[in-house]
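Hi,

Here is the structure I said I would pass on.

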Amino acid sequence: MDGPILIGGLDRSGKTQLRLALELLPEIAWVRKVEPWTRFAGRLGDVRKPSVADRAIARLVDSPWLAGLEPDAARLHADLPVVLEDAGSASIAESRLLALMLAHYAEKTGCSRWGLQEAGVERYMASVLDALPGARCILLVRDPRDRLAAFPAGRRRFGAAGPAAAAWLASVRHAKAAARRHPERVLIVRLEDLVARPAQVLRTICEHVDAEYSDALLDPPGGRPFDALAGRVGRFRDVLTAGQVELIQSLAPRAMIALGYEPAEPEFSSLGRARYWLYDAPVGLLRLTTSRVRAAAGRLS
């Protein structure tokens with residue numbers, strides 16, 4: 001198999017640690033921090049039309065976010081008609097253009113495959129996997145309480161639990177939808193399993209992407225990537241307030257239990273319980289609603 005590999009999931013879900021391990025696979029050119037689908041999917045137009053393709057390629061070549069890939073306009077123009085021969089929709093055509101740019105980058109680095117680490121790419125998995133029959137996707141999930149606990153203190157302010165829970169629920173929903181649509185090509189991995197059984201889970205991941213597993217993947221240059229996370233599983237108990245834990249658990253109970261994240265029993269003082277109902281919960285729900293409205297507006301724009 002020479003298809004691409006995509007690592008998706010929310011920020012602070014272990015994507016970087018997994019990529020650091022998989023970077024030891026010599027045939028894969030890894031790309032990160034360019035976010036091609038997050039930045040461009042649904043915004044380039046129907047590139048099956050030559051005039052639209054011209055504008056789209058010019059936009060990709062001129063984008064400062066993609067400068068590290070050094071996209072070649074002449075090559076994109078020359079190769080695009082070939083990859084669009086059986087593109088049945090505008091979204092598939094758009095995904096193939098983005099994938100073509102990444103394939104050119106991999107070729108320049110001497111690799112036969114490209115790999116992409118992109119937060120939130122699960123939102124676009126339907127068109128990506130429909131467009132790229134050889135692609136394999138690994139979607140990482142993490143206990144939403146520990147994910148919020150991993151934020152800097154400023155991002156854990158009161159009310160943060162609402163949008164954090166909303167983002168987690170949306171990511172899980174997209175991941176499960178992609179897995180139902182392409183069960184052989186999407187692998188959902190819990191960060192906690194990677195931390196507890198890295199060798200076993202990495203073997204499964206390598207089998208999924210048709211790559212050769214080696215124990216060397218457990219110890220890439222710079223240190224063992226999963227060891228640093230071992231002490232952070234369950235850290236929410238020491239970092240989050242009782243109100244934050246309660247709100248996340250009340251917003252995502254079924255999804256959390258389905259993924260093996262058992263509810264905790266937050267300990268409230270009398271004042272803390274009153275603050276939860278009078279402040280934490282209303283503010284968290286308001287910010288959750290606001291984040292959903294903004295997400296919906298972004299999809300319509």
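Predicted model: local features only at pLDDT ≥ 70, side-chain atom pairs only at ≥ 80, totals over all residues.

Helix H1 covers residues 15-22, and its axis comes within 12 Å of the axis of H10, with the two crossing at roughly 70 degrees. That makes H1 roughly perpendicular to H10, since angles from 65 to 115 degrees count that way. If you want to find the contact on screen, look for Leu18, Ala21 and Leu22 on the H1 side; they meet Leu202, Ile205 and Cys206 of H10. Sorted by class, this contact has six nonpolar residues, with no polar and no charged ones.

Now for the sheet. Five strands make up an open sheet, and going across it you meet them in the order E2-E3-E1-E4-E5. The pairing is parallel. Strands E2 (28-32) and E5 (186-190) are at the edges with a single partner strand each, so one side of each has no neighbour in the sheet. From one strand to the next, the twist averages 20 degrees.

- E2 pairs with strand E3 (residues 113-117) in the parallel sense, over five bridges. Ile28 stands opposite Arg113 of E3.
- Strand E1 (residues 5-8) runs parallel to E4, and four bridges join them. Leu6 has Cys137 in E4 as its bridge partner.
- E4 and E5 are also a parallel pair, with five bridges between them. Here Ile138 has Leu187 in E5 as its bridge partner.

One more thing to look at is E4 itself. How many of the six residues of E4 are buried? Six of the six are, so E4 is largely enclosed by the rest of the structure. Arg136, Ile138 and Leu140 point one way from the strand, while Cys137, Leu139 and Val141 point the other way. The residues on both sides are all buried, and Arg136 is one of them.

Cheers

Notes: Residues numbered from 1 in each chain as written. Heavy atoms only, no water. Pairing = 2+ DSSP bridges. Axes fitted to C-alpha atoms, helices over the stretch in contact; angles between N-to-C directions. Parallel < 35°, antiparallel > 145°, perpendicular 65-115°, else oblique. Contact = heavy atoms within 4.5 Å. Nonpolar A, V, L, I, M, F, W, Y, C, P; charged D, E, K, R; others polar. Buried < 20%, exposed > 50% of the residue type's maximum accessible area, 1.4 Å probe, protein only.
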